[in-house]
Amino acid sequence: MDTREPAVRAEGLVKHYGGRTGVVEAVRGVDLRVAAGEIFGFLGPNGAGKSTTIRMLTTLLSITSGSAQVAGVDVTHEPDAARRRMGVALQEAGLDPRQTGRELLVLQGRLFGLGRGEAAARAEELLALVELEDAADRRIKGYSGGMKRRLDLASALVHEPEVLFLDEPTTGLDPASRLTVWDEVRRINARGTTVFLTTQYLEEADALCERLAIIDDGRIVRQGTPAELKTELRERRGLASDPTLDDVFLDATGRTRDHVAGDVQEVTA
Amino acid sequence: MSQAWVLGQRALREAWRTPEALVPTLFIPLFFLVVNVGQAGKIFPAASTEFLKGQGYGAFQLPASLLLAASFGTAALFLVEDIEGGYFDKLRATPIPRTSIVAGRLIAELAKGLLIATLIVLLGLVFGISIASGVLGFLLLILLTALWSCVFVGFMQLIALKTRSAAATNSGGLVFFPLLFLTPNFVPRDMLTRPMEIAASINPVTYVMEALRSLILDDLDWERIGRGFLVVAVLGAIMVALNVRMIRHYD
């Protein structure tokens, strides 16, 4: 049994929103343990509670009840200490379009306490890591979607975090850009950073993640390695061959392929 | 403080790279100055109007234009862009004091306010307005205008943080127009009708306007100047406190 402190631990995590039609229970008691050094995938259909969970773990959303720790630090009681240990790249690729890539990274470094020279050197290093040296001094508004994602990834790494949170890092990217981001994620993980990523793409989870959890309707419905989850489904259903992760996902969320294709949900994070 | 400063530099770059947002800040107040003086200038001739202290009506109207220039609050619209684009969350995910996020924008607003007020007053000087309180008065005039712009941006940022909408933030800024006109805008307070005088006396903008006006028309009148700075200090402290509170509780 692994006795090391988990990189991410959530216990009974709950988030309620007050809405016009009453209280909305976005997350209903999520328990998670992510081991240090792994790539952990967090999957779920639209509106299942993925983004709400990641926003609570990254201190961006208050926790209604339960607790969460990142790199051993409680995110509610010591948010600044937790922020120093985590990097965050959210769905929107939160970048300032009027700045250049270099300016953005230097500013991010300064906000994490680096001196001017140190921040400039770190920016240079990160621009090389995500292969954006040629575009470093161009305004971000001129970047392609893939370049923005890579820059966002770089900005989340400026302070060398122990845990990197990526919320749907490849949504909206073309296949080539998606593969580039996958490579970056693997490279970052190889340097010792724990990666917690949400995704809607099951092949992405299969390709990248050592373990994953599936959330549906605010609750974790499956958790394990991709192989474990496939084996469990094959044995339970008595299937002749190994199911795909798509099959595991559909089984876990109680959806059929027809249902998913026609499903439209409004998400409020 | 160093984090507030780097965020201030970023906000200044943002303003510098969006000159189209600065042009109306300069043009519209000057437009109103010209129009107001053109409409009422003959009613209040310099030679026979005691409250003008020997200057033209433009000198009396200049504070209203300065206040208008300081009440555009474009920084709050940039904040809405940050919120909508996700950069605001990026800032919230850094271990910086929440006051730095507010102070960064206010530092940039102060610098912009100083620049715009200086340009408007210098243009006023070119057209014959003089600053009766001298060089120190000139500097206080610019400083008080710029500080008011910080107060107003603080107010606009509250709307931005609450609504997260550019349209709502823009509309919220229109609240200032009634406040600007519920002041001794065209004549001194003692010449207003009684209901208007009461309304103007309750309105804090009146004291800022009177302080600015005294710096243009009178020698250093510390009582009036002090009241203007006091209003700005109190409202400024309230706005900063509310902004920080709102960012801390932002979900």
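Biologist: At roughly what angle do the axes of helix α2 and helix α6 of chain B cross?

Modeller: In this predicted model, helix α2 of chain B covers residues 19-40 and helix α6 of chain B covers residues 98-126. Their axes come within 10 Å of each other. The crossing angle is roughly 35 degrees.

Biologist: What is the handedness of that crossing, left-handed or right-handed?

Modeller: Two packed helices are described by the angle between their axes and the distance between the axes. Handedness is given here as well: where α2(B) passes α6(B), the crossing is right-handed.

Biologist: Which class supplies seven residues to the contact of α2(B) with α6(B)?

Modeller: From α2(B) come Thr25(B), Leu26(B), Pro29(B) and Leu30(B). The α6(B) side consists of Ile116(B), Leu119(B), Ile120(B) and Leu123(B). No charged residue takes part and one residue is polar. The seven others are nonpolar.

Biologist: Which elements of chain A give two or more residues to the side that touches chain B?

Modeller: The interface joins 21 residues of chain A to 18 residues of chain B. By class, the chain A side has nine nonpolar, five polar and seven charged residues. The elements of chain A that give two or more residues to this side are α2 (79-85) and α3 (101-111).

Biologist: Is Gly109(A) buried or exposed?

Modeller: Gly109(A) is part of helix α3 of chain A. A residue is buried if 20 or more other C-beta atoms lie within 10 Å of its own. Gly109(A) has 23 C-beta neighbours inside 10 Å, so it counts as buried.

Biologist: What separates the C-alpha atoms of Gly109(A) and Ala121(A)?

Modeller: Leaving out residues up to four places away in sequence, Gly109(A) touches Leu114(A), Glu118(A), Ala119(A), Arg122(A), Ala123(A) and Val158(A). Ala121(A) is 12 residues from Gly109(A) along the chain. The separation of their C-alpha atoms is 9.7 Å.

Biologist: What is the radius of gyration of chain A, and how does it stand against the globule rule?

Modeller: Chain A has 10 helices and 10 strands. For 269 residues the globule rule gives 18 Å, and the value for chain A is close to that, so chain A is as compact as a globular protein of that length. The C-alpha atoms fill a box of roughly 60 × 45 × 40 Å along the principal axes. The radius of gyration is 19 Å.

Biologist: What percentage of the residues in chain A is buried?

Modeller: Among contacts in chain A with a separation of 6 or more, 68% join residues 24 or more positions apart. Of the 269 residues in chain A, the buried share is 45%.

Conventions:
Residues numbered from 1 in each chain as written. Chains lettered and ligands numbered in written order. Predicted model: local features only at pLDDT ≥ 70, side-chain atom pairs only at ≥ 80, totals over all residues. Contact = placed C-beta atoms within 7 Å. Helix = DSSP H or I, 4+ residues; strand = E, 2+ residues; numbered from the N terminus. Nonpolar A, V, L, I, M, F, W, Y, C, P; charged D, E, K, R; others polar. Rg over C-alpha atoms; globule rule 2.2 N^0.38 Å. Buried ≥ 20, exposed ≤ 12 C-beta atoms within 10 Å, placed from the backbone. Axes fitted to C-alpha atoms, helices over the stretch in contact; angles between N-to-C directions. Left-handed = near helix turned anticlockwise from the far one by under 90°.
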